[in-house]
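Below are some notes for a colleague who is opening this structure without having seen it before. They are set out as numbered points, to be read beside the sequence and the model.

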Amino acid sequence: MADIDDLLDEVEQQLSKGSIASEPRSALRSAGSSKPTSSNISLLSTQSRSSLGPTAAAPRASKKVEIDDLDDLLEDIRETGPPPPRASVQSMPRERRQSLDESVKAQVSKCFPPLLGGSAAAPGINKGESRKPCSSLRCTKCDFKVCMFDNYRWDDSCEYLFFRNNIPDFGKLKAKLHVEQGTRAYACQCTWRSVRDIAPVRADEVKWVCGRH
């Protein structure tokens with residue numbers, strides 16, 4: 001009987017502290033066996049495992065996986081860092097702010113659309129309501145500033161080489177200019193027009209754009 005008690009104590013120590021109920025021990029003792037048999041030990045082990053339920057290792061493994069996942073997430077945050085803040089105008093370098101200001105002013109100080117007009121309309125910047133002929137026209141074809149002469153018109157005999165050789169010298173150009181009140185003579189190195197009424201610049205006739213004010 002002492003051998004059976006020692007065997008039961010050893011099995012209890014190997015499985016878990018105090019987790020085996022008293023039922024397997026009493027069942028084995030009541031069998032009256034003087035020696036432990038393999039069937040008794042097998043029965044005891046099976047009943048002990050069923051009474052234990054899930055082992056303690058499973059919860060520990062689950063917790064370890066959760067901790068590892070959290071560590072990986074924190075490591076990713078440390079590597080990538082927080083999203084960069086959106087740049088504001090105040091945080092830009094001074095040179096960049098000045099360039100941006102000039103770009104904005106350039107867009108604001110352009111005619112929309114650029115207009116042509118006779119000498120009765122004072123030239124300036126057109127913002128839609130003012131209806132002013134543009135005073136800063138530039139040709140995108142010859143890359144010259146468009147000259148304007150109030151109360152003049154161009155002679156019908158004007159041709160390309162005359163303007164190519166004489167723009168912007170008024171002393172030479174006046175050979176082809178005639179006085180005409182209310183008319184404004186426009187010319188660059190490749191194109192010329194005589195205008196009396198306000199009208200938009202037609203891209204199919206001239207390559208003149210507002211060169212900013």
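Predicted model: local features only at pLDDT ≥ 70, side-chain atom pairs only at ≥ 80, totals over all residues.

1. Residues are numbered from 1 along each chain as its sequence is written, and side-chain values use heavy atoms, with hydrogens and water left out.

2. On the overall layout, the chain has 7 helices and 7 strands, where helices (H or I, at least four residues) and strands (E, at least two) are DSSP runs numbered from the N terminus. Their order along the sequence is α-α-α-α-α-β-β-β-α-α-β-β-β-β. Of the contacts (heavy atoms within 4.5 Å) with a separation of 6 or more, 57% are between residues 24 or more positions apart. The chain exposes about 14,700 Å², of which carbon and sulfur atoms supply 53%; accessible areas come from the Shrake-Rupley method with a 1.4 Å probe, and for residues only the protein chains shown count as cover.

3. The sheet to look at is an open one, made of 3 strands in the order β3-β4-β5 with antiparallel pairing. Two strands are taken to pair if DSSP finds at least two bridges between them. Because β3 and β5 stand at the edges with a single partner strand each, one side of each is left without a neighbour in the sheet. From one strand to the next the twist averages 40°, with axes being lines fitted to C-alpha atoms (for helices over the stretch in contact) and angles running from 0 to 180 degrees between N-to-C directions.

4. Within this sheet, β3 and strand β4 (residues 177-187) are joined in the antiparallel sense over 7 bridges. D150 has R184 in β4 as its bridge partner, and R153 stands opposite H178 in β4.

5. Residues up to four places away in sequence not being counted, T191 touches Y186, E205, V206 and W208.

6. The aromatic residues deserve a careful look, since a search of the whole structure finds 7 aromatic pairs, and the cut-off is that rings of Phe, Tyr and Trp (its six-membered ring) have centres within 6.5 Å, with planes under 30 degrees apart counting as stacked, over 60 as edge-to-face and the rest as tilted. F149 and F170 form a tilted pair, at 5.3 Å centre to centre and with 35° between the planes. F149 lies in strand β3 (residues 147-154) and F170 in helix α7 (residues 170-173), so this pair ties together parts that are 21 residues apart in sequence. F149 is buried, with a relative accessible area of 12%, whereas F170 counts as partly exposed at 33% relative accessibility.

7. The rings of F162 and F163 have their centres 5.2 Å apart and their planes at 80°, so this pair is edge-to-face. F162 is buried at 10% relative accessibility, and F163 is buried with a relative accessible area of 0%. K176 lies over the face of F162, at 6.0 Å from the ring centre; a charge sits over a ring if NZ of Lys or CZ of Arg is within 6 Å of the ring centre and within 35 degrees of the ring normal. One aromatic cluster is formed by F149, Y152, W154, F162, F163, F170 and W192.

8. Finally, L137 is found in strand β2 (residues 137-139) and counts as buried at 3% relative accessibility. Leaving aside its neighbours within four places in sequence, L137 is in contact with P114, L116, K145, V146, Y186, V201, W208, V209 and C210. The C-alpha atoms of L137 and C111 are separated by 9.5 Å, with the two residues 26 residues apart along the chain.

Notes: Buried < 20%, exposed > 50% of the residue type's maximum accessible area, 1.4 Å probe, protein only.
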